[in-house]
Amino acid sequence: MMRCLAGLVLGIVLLMGSGCETTEGEKLTKQEREAIRLEEERAMLDRLQLAEITIAEILDPMVKVTAQYNSRESHGYVGAGLTSIEMVHFELHGAARERGIGNGITVSYVMPGSAAAIGGLKRGDLLVELNGRSLPKGSGGSFNWLQKRLRKEWLLEETNVLKIERGGEEMVLEVEAVQGNSYNIVIIPHMGATAHADGHNLFFDLMTVEGWSRERLEYLVANVLVQNSMRHEKMKTGNQALGMMVDLVAGLSGVNTGNIFQAIGRGAYETGFLVESDLLALYLLAYLDLDYEGYVAFWHERLPRDRKERLTKVSKQRFDAMRQVVEEIKAKIEAGEEVYPTEYLAGEWKLLPPPEEIEKRVKEIESTED
């Protein structure tokens, strides 16, 4: 649905730029209109691909760290972006096919110094086989592989034998994959939100990527990457399915629940997911020696507030957790310890009351003793 809506908006944007008359009032021919439209498609595709590379550069070091947070989401990572015509907005198919993007799985970028680059993979290569397994070339199959299967096919601690097609000729490459989280990067014009993680992809708004500073993008990317790495969407979907079953059983018994249990299931542990995203994102940034203290101010500006412009209860809990984690990270750095969420991943971390609340309780106790 998101891809369809984004495509509709993009189509409107492209059409608005395709004027039907010249400055002299003369009507353009069909060929001239098509040429203008194709040039606009190329320009938009350039913007989308540049934004994709911008996000990929930020993600590259991060995915190797978050792979350690959750082994269930740790797979082979080669540092190459992969796409197919189905991953491209349909209004841009003409420009995309010009650049060799078709029904098969095509390399859209290769990170410098990555396993893919060392193995000889290049932008525009068409993947034919991976470790003896034929990769899909037809409609529908490539999209499913990119969404769910391909990242699980890369072998770790073994050489991956990759058959590709380049310039009409087939060749075989050897690629050594490293441990990491590999998700598709999808850039959408006018998405309506800055970013979104759905368990398989990381969606980003084009204007956000083009308009934000590198530092702000690092905060955003770290947050949504953690959501996928810790399987938030998958757990929400699982909880929602359980709630749906309760609604169904109730319905069979003659009770109309209005799907309330389905909604409750999806919203279960929502605050915990938000806090976890912030906590691990802060550790991720600090581990990579990126600015992490500015993360708190960044999200404090964006957290939801009530009608009196006060932080909501959930937002305040997130903010309190962020402040606590920043102090924990500072203490570890000063003590020369590894900046790693050891306590949290071991289940030993808990949110403490904010300093002002602790001080208030101490004074209450002291006054009672007096």
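Trainee: Let's begin with the whole chain. How many helices and strands are there in the protein?

Mentor: Remember that we are looking at a predicted model. The protein has 14 helices and 11 strands. Of its 370 residues, 44% are buried. Taking contacts between residues at least 6 apart in sequence, 66% join residues at least 24 apart.

Trainee: How many bridges join S10 to S11?

Mentor: Three, and the two strands run antiparallel; S11 covers residues 201–205.

Trainee: Let's turn to the cores. Which residues touch the most other members of the largest nonpolar core?

Mentor: Ile187 and Phe204 do, in a core of 64 residues. H2 gives the largest share of this core, with 11 residues. Look at Ile187 in detail: beyond its neighbours within four places in sequence, its contacts include Leu48, Ala51, Ile55, Phe204 and Val209. There is also a second, separate core of 25 residues, with Met87, Leu130, Leu146 and Leu150 among them.

Trainee: Leu146 makes me curious about its surroundings. Which residues does Ser84 touch?

Mentor: Leu146 is one of them, along with Ile101, Gly102, Asn103, Gly104, Ser142 and Phe143, if we set aside residues up to four places away in sequence. Ser84 sits in the loop between strand S2 (80–83) and helix H3 (93–98).

Trainee: Is Ser84 buried or exposed, and why?

Mentor: Ser84 is buried, because its relative accessible area is 0%, and buried means under 20%.

Trainee: How do I read one side of a helix? Which residues of H11 are buried?

Mentor: List the buried residues, then see how they are placed around the axis. In H11, residues 293–302, they are Tyr295, Val296, Phe298 and Trp299. They lie on the same side of H11 because they cover an arc of only 165° around the axis. These buried residues pack against H7, helix H10 (270–287) and helix H12 (313–334).

Trainee: Finally, the backbone. What is the phi of His190?

Mentor: Phi of His190 is near 55°, a positive value in a residue other than glycine. His190 lies in the loop between strand S9 (184–188) and strand S10 (195–197). With a relative accessible area of 43%, His190 is partly exposed.

Trainee: And where is Arg231 found?

Mentor: Arg231 is in the loop between helix H7 (214–229) and helix H8 (232–252). Arg231 is not a glycine, yet has a positive phi of about 60°.

Trainee: Why does Arg231 count as buried?

Mentor: Arg231 counts as buried because its relative accessibility is 18%, and the cut-off for buried is under 20%.

Definitions and conventions:
Residues numbered from 1 in each chain as written. Predicted model: local features only at pLDDT ≥ 70, side-chain atom pairs only at ≥ 80, totals over all residues. Heavy atoms only, no water. Helix = DSSP H or I, 4+ residues; strand = E, 2+ residues; numbered from the N terminus. Buried < 20%, exposed > 50% of the residue type's maximum accessible area, 1.4 Å probe, protein only. Contact = heavy atoms within 4.5 Å. Pairing = 2+ DSSP bridges. Arc of directions from axis to C-beta. Core = buried A, V, L, I, M, F, W, Y, C linked by side-chain atoms within 4.5 Å.
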